[in-house]
Amino acid sequence: MNETIPFEPPGPLDDFFAAYPEAEKNDTIISFINSYDPRKWKEVSTDLNRTSSLVYLVADRDVFRELMFMEQKGNISWVKTFNELQVAVDKEQALRIAAKEMNSSVSPVDVHIVFRDSQPFWVVTYITGPAATTFYIDTGNGKVYYYLMDAGVDGSGEPSYNVPGFGGMLTLVAFAVSLRMTRKTGGK
C-alpha cells in the first residue's frame with residue numbers, strides 16, 4: 001500500500017509512432033528525432049479523400065528545425081528537413097513581422113514552415129475570436145502574404161482549424177490570388 005508506483009508521462013511522440021509506424025524504419029526521421037528531440041508534430045490532410053497527409057515534426061530549441069514528410073496509405077513518399085540558419089529571415093524575425101501585421105497582443109497558435117516551389121515560407125497563425133489569420137512570410141526577404149479563414153470549434157470547446165498552406169486546392173488558389181494581387185499593387 002505504501003509503495004510508490006513509478007509513472008512516466010507520455011512523451012510528445014508516443015502517438016506519432018502509433019500513427020506512423022513506418023516512420024521508425026526511416027533513417028532520416030529517426031536521425032532527426034534522435035538529434036533534435038522534437039516536441040511537436042502535426043498531420044494535415046492534403047486531399048479531400050484524406051488518403052495522403054503532410055506530417056511535420058518541429059524541434060524549436062535554440063534553432064528552429066522542422067522535418068516534413070508525405071504519408072500516403074501507410075507509405076512515406078518523401079522527407080524534407082529545414083533549419084532557420086539556412087534562410088535570411090529566421091523565426092524571431094518572422095514573428096516580429098507577423099506581430100506588426102496583427103497589430104494586436106494575441107500570441108500565435110502555430111508556427112511552422114511550408115514549401116512552395118522549393119521556396120520556404122514561415123506560416124504564423126493567430127486565432128482571434130471566430131477567425132484564424134495566417135501569415136505567410138517569405139524566408140528570403142520577409143515579404144508578407146496572409147489568409148483569413150473561420151476557426152471552427154472542436155469537441156473540446158477549443159478552436160480548431162486547418163492550417164493553410166497544407167490542405168486543399170482552395171488554400172493554394174487563395175495564396176496564388178493574394179500573391180498576384182500583391183504583385184499587381186506593387187506590394188502595397
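Mentor: The side chain of Asn83 reaches the backbone nitrogen of Leu85 at 2.7 Å. Keep in mind that this is a predicted model. Asn83 sits in strand E4. Is Asn83 buried or exposed? Its relative accessibility is 17%, and the cut-off for buried is under 20%, so Asn83 counts as buried. Leaving out residues up to four places away in sequence, Asn83 touches Val63, Phe64 and Arg65.

Now the sheet around Asn83. E4 covers residues 75-83 and is an edge strand, as is E1 (40-45); each pairs on one side only. The open sheet has four strands, in the order E1-E2-E3-E4, with antiparallel pairing. On average, neighbouring strands in this sheet are turned by 15° against each other, direction ignored. Strands of a sheet pair through backbone hydrogen bonds, either parallel or antiparallel. Inside this sheet, E2 (residues 52-60) and E3 (residues 64-72) pair in the antiparallel sense over nine bridges.

Helix H2 (residues 27-36) touches E2, E3 and E4, and its direction makes about 155° with that of E3. Which residues of H2 are buried? They are Ile29, Phe32 and Ile33. These residues cover an arc of only 95° around the axis, which puts them on the same side of H2. An α-helix has 3.6 residues a turn, so residues three or four places apart point the same way. The buried residues of H2 pack against helix H1 (14-19), E2, E3 and E4. The face turned away from that buried side carries the exposed residues Asp27 and Asn34. At its start, a side-chain oxygen of Asn26 comes to within 3.0 Å of the backbone nitrogen of Thr28. Just after H2, Asp37 takes a positive phi of about 50°.

Go back to Phe64, one of the residues that Asn83 touches. Phe64 is also in contact with Lys91. Lys91 lies in helix H3. Its relative accessible area is 12%, so Lys91 is buried. What does the side chain of Lys91 meet? It joins the side chain of Asp60 in a polar contact of 2.3 Å. Set aside neighbours within four places in sequence, and Lys91 is in contact with Asp60, Phe64, Glu84, Val111 and Trp122. Thr139 is 48 residues from Lys91 in sequence, and the two are 8.9 Å apart in space, C-alpha to C-alpha.

Val111 has Val124 in E6 as its bridge partner. E5 and E6 run antiparallel and are joined by seven bridges. Their hairpin has two residues between the strands, and Asp117 there takes a positive phi near 50°. E6 goes on to pair with E7 in the antiparallel sense over eight bridges. Among the bridge partners, Val123 has Tyr136 in E7. The hairpin of E6 and E7 also has two residues between the strands, and Gly129 in the turn has a positive phi of about 65°. Eight of the ten residues of E6 are buried, so E6 is largely enclosed by the rest of the structure.

Next, the nonpolar packing. The largest nonpolar core has 22 residues. Phe82, Ile113, Trp122, Val124, Phe135 and Ile137 have the most contacts inside it. E2, E3, H3 (91-102), E5 (110-116), E6 (119-128) and E7 (131-138) each supply at least two residues of this core. H3 gives the largest share, four residues. A second, separate core has twelve residues, including Leu13, Tyr20, Val55 and Ala59.

Finally, the whole chain. The protein chain has four helices and ten strands. Of its 188 residues, 41% count as buried. Among contacts with a separation of 6 or more, residues 24 or more positions apart account for 42%.

Conventions. Residues numbered from 1 in each chain as written. Predicted model: local features only at pLDDT ≥ 70, side-chain atom pairs only at ≥ 80, totals over all residues. Heavy atoms only, no water. Pairing = 2+ DSSP bridges. Axes fitted to C-alpha atoms, helices over the stretch in contact; angles between N-to-C directions. Contact = heavy atoms within 4.5 Å. Buried < 20%, exposed > 50% of the residue type's maximum accessible area, 1.4 Å probe, protein only. Arc of directions from axis to C-beta. Polar contact = N/O pair within 3.5 Å; in protein donor to acceptor, adjacent residues only side chain to side chain. Core = buried A, V, L, I, M, F, W, Y, C linked by side-chain atoms within 4.5 Å.
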